Amino acid sequence: MRNPKYHIYLTHDERRTVIHSLVDLRNDLISQGRYTDIIDELLIKLTKAKVKRIKVKEV
């Protein structure tokens, strides 16, 4: 069975906050001597993701 793909739309500030949080988590895992493979993959995906501008209609 295929893995489902998820799309997430973040503002510039939200994207920056997520990246900083993942880096902090990665640093904590390194200090504990644990593996950081999953966090590394997420950081690579986030930093290489295309930035798509969309219009948001407010009701």
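Helix H2 supplies 5 residues to the lining of the largest pocket, the largest share, where helices are DSSP runs (H or I) of at least four residues, numbered from the N terminus. By class, this lining has 13 nonpolar, 3 polar and 7 charged residues; Ala, Val, Leu, Ile, Met, Phe, Trp, Tyr, Cys and Pro count as nonpolar, Asp, Glu, Lys and Arg as charged, and the others, Gly among them, as polar.

This is a predicted model, in which local features need pLDDT of at least 70 and side-chain atom pairs count only at pLDDT 80 or more, whereas totals for chains, interfaces and linings use all residues. Residues are numbered from 1 along each chain, and side-chain values use heavy atoms, leaving out hydrogens and water.

The structure holds 2 salt bridges, each a side-chain nitrogen of Lys or Arg within 4 Å of a carboxyl oxygen of Asp or Glu.

| Salt bridge | Closest N and O atoms |
|---|---|
| Asp13 and Arg16 | 3.2 Å |
| Asp40 and Arg26 | 2.5 Å |

Asp40 lies in helix H2 and Arg26 in helix H1, so this pair ties together parts that are 14 residues apart in sequence. Asp13 and Arg16, by contrast, are 3 residues apart in helix H1 and therefore separated by about one helical turn. Asp13 is partly exposed at 45% relative accessibility, as is Arg16 with 42%, the class between buried (under 20%) and exposed (over 50%), found with a 1.4 Å probe on protein chains only.

Leu43 touches Ile19, Leu22, Val23 and Arg26, not counting residues up to four places away in sequence, a contact being heavy atoms within 4.5 Å.

Conventions: Helices (H or I, at least four residues) and strands (E, at least two) are DSSP runs, numbered from the N terminus.
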